[in-house]
Amino acid sequence: MGGLVYFSSASGNTARFVARLGLSAARIPISPADAMPEPALPYVLMTPTFADGEGRGAVPKQVIRFLNDPGRRALIRGVIAAGNRNFGATFALSGRVIAEKCNVPQLYRFELAGTEDDIARVRAGLEKFWGTECLTMA
Amino acid sequence: MRNPLRAINWNRLEDEKDLEVWNRLTVNFWLPEKVPLSNDIQSWATLRPEERELTIRVFTGLTLLDTVQNTIGAPSLMPDALTPHEEAVLSNISFMEAVHARSYSSIFSTLCLTKEVDEAFRWSEENPHLQAKARLILEEYKAGSDPLKRKIASVFLESFLFYSGFYLPMYWSSRAKLTNTADLIRLIIRDEAVHGYYIGYKFQRAVEKLDEARRAELKDFAFALIFDLYDIEQKYTAELYDGIGLTEDVKAFLHYNANKALQNLGYEALFPPQACEVNPAIMAALSPDSENHDFFSGSGSSYVIGKAVATEDEDWDF
């Protein structure tokens, strides 16, 4: 199974989701001063959304910084985005932006720290996704 | 020597979240005049008299909660602020609650007869469930109460108590009725989401520094309070929605939002997933134009994979 890289701001919603997921994952640091993870293998990226009412600033700056490196960006295979449906059309918008920029599928969206159903779907979905990914790469 | 009075310096942040949320809230600033409510006049006329009465009552109930949060709730959090920037954010939250409360009156003056509205305001003063939930929250806002319990109460007001009311304009909107009113309500929903997130975030920061016993006490308090509020909400919901047969549908929406309110405080869900299966039409009304791209379950109508805009490294510079 491929890797998981995630960002979670100080509110910790995405970090709580990842902790409950129980998969090993590398965290993009909150502080720009800290070292970025350097994945060696393909990974799925998980990120919250910070968009304003117009959708600006949807992708957190540290995630942009992480993807700004061509080597890291080359290994992204899919994106899972968190958000809040209360933000209407910009719900989980960061996932769509990254999917379009990096030409990878948006795999899933969940709200805040996710529900039990979200955890189960992402766990099963990632397993299946990496299964098919291996087949296509073989 | 007396402590000097200190001016706020936004270039010396103690918590980056303060500036992030300040920017979000100020960029999202709006006024009801921006929404063409008068386009709903014809649609309003298609509602049956009991549906109109229900809608006005729901909006007076929401007005009461916004009034409480504007004049008492948000200001009561200010003395507990850890940073001057947090106080500034709270002053924005307080003012926007006044804008929300004012918005309902804009809806009323556009769509309703003065007599109907006066009757509904009287109803809001006399409805025992509405009064009970506002009082339960006010109890925690009292001077001298526990600052962290105050934050819990505030998050429950922002992220839970509004939703028995927000349901109705989303329902009308899903049936292509009062769609401009729904646009205005969505602006309120968006604001309340930031408020609940921010106050919940400040709560979590404070809880991190506490010992186990105190954490357990706060968690017990939070779950007990949401139970009490839910008990009132159930009755309030039944009284409002039994007449049009929507009570069970609204309750699923309440469970879903109660869980989200708890998440804002860093807690786990209270209601199981099967109790939170919100009518998909309501979910779609909440976030229109946000297609359900679910690659994993294949349930979405489509998923996004790039409109293949070649990415240049410069795209990622900022």
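This is a predicted model: local features need pLDDT of at least 70, side-chain atom pairs count only at pLDDT 80 or more; totals for chains, interfaces and linings use all residues.
Five helices and five strands make up the secondary structure of chain A.

The C-alpha trace spans about 45 × 35 × 25 Å along its principal axes. The radius of gyration of chain A is 14 Å, which agrees with the value near 14 Å that a compact globule of 138 residues would have. Of the 138 residues in chain A, 50% count as buried.

In chain B, one residue was examined individually. Tyr256(B) lies in helix H11, which covers residues 247–264 of chain B. Tyr256(B) has 22 other C-beta atoms within 10 Å; because a residue counts as buried when 20 or more such atoms lie within that distance, Tyr256(B) is classed as buried. When residues up to four places away in sequence are left out, Tyr256(B) touches Cys276(B) and Val278(B). Trp44(B) is 212 residues from Tyr256(B) along the chain, and the C-alpha atoms of these two residues are separated by 29 Å.

Note on methods. Residues are numbered from 1 along each chain as its sequence is written. Chains are lettered from A and ligands numbered from 1 in the order in which they are written. Helices (H or I, at least four residues) and strands (E, at least two) are DSSP runs, numbered from the N terminus. The radius of gyration is taken over C-alpha atoms; the globule rule is 2.2 Å times the number of residues to the power 0.38. A residue is buried if 20 or more other C-beta atoms lie within 10 Å of its own, exposed if 12 or fewer, and partly exposed in between; C-beta atoms are placed from the backbone. Two residues are in contact if their C-beta atoms, placed from the backbone, lie within 7 Å.
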